[in-house]
Amino acid sequence: MTRDELKNRAIDYLAGKVTCKEFTEAATDYLEGSQTWLGWVRFQMHLGLCPGCRAYLRQMKKTIHTLGRLPEEPIPPAVRDELLQRFRTGKSR
Ligand SMILES: [Zn+2]
């Protein structure tokens with residue numbers, strides 16, 4: 001990570017800004033109940049603002065319900081990237 005990236009990350013963090021990528025990474029912790037309270041707050045904030053991630057979380061919960069447990073690899077990276085791509089272009093369905 002470069003110095004600028006680090007700085008931007010710190011600013012984002014302090015501003016409570018969570019990217020969709022961070023959200024999906026935090027989703028596993030959330031579902032396992034292993035989040036810190038700050039992580040939880042930021043997670044909830046993003047959830048409230050982002051319909052795409054609400055859909056993502058719903059899908060995760062459905063998967064867990066179907067499997068009866070948290071999958072090893074919740075969503076394959078390729079599928080996740082495609083989902084995130086769809087959120088960005090606003091074509092999520
Ligand atoms: Zn999002």
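1. A residue counts as buried if 20 or more other C-beta atoms lie within 10 Å of its own, as exposed if 12 or fewer do, and as partly exposed in between, with C-beta atoms placed from the backbone. By that criterion, 8% of the 93 residues in the chain are buried.

2. The model is predicted: local features need pLDDT of at least 70, side-chain atom pairs count only at pLDDT 80 or more, and totals for chains, interfaces and linings use all residues. Numbering starts from 1 along each chain as its sequence is written.

3. On confidence (pLDDT, the predictor's own score for each residue, from 0 to 100), the chain averages 80, and 84% of the residues score at least 70. Helix H1 (residues 3-14) has the lowest mean, 73, and H4 the highest, 90.

4. The chain has 5 helices and 0 strands, where helices (H or I, at least four residues) and strands (E, at least two) are DSSP runs numbered from the N terminus. Along the sequence the pattern is α-α-α-α-α.

5. Contacts require C-beta atoms, placed from the backbone, within 7 Å. Of the contacts in the chain with a separation of 6 or more, 62% join residues 24 or more positions apart.

6. The axes of H2 (residues 20-32) and H4 (residues 51-67) come within 11 Å and cross at roughly 35°; axes are lines fitted to C-alpha atoms, for helices over the stretch in contact, with angles from 0 to 180 degrees between N-to-C directions.

7. Residues of H2 in this contact include Phe23 and Leu31, and those of H4 include Tyr56 and Ile64.

Note on methods: Two residues are in contact if their C-beta atoms, placed from the backbone, lie within 7 Å.
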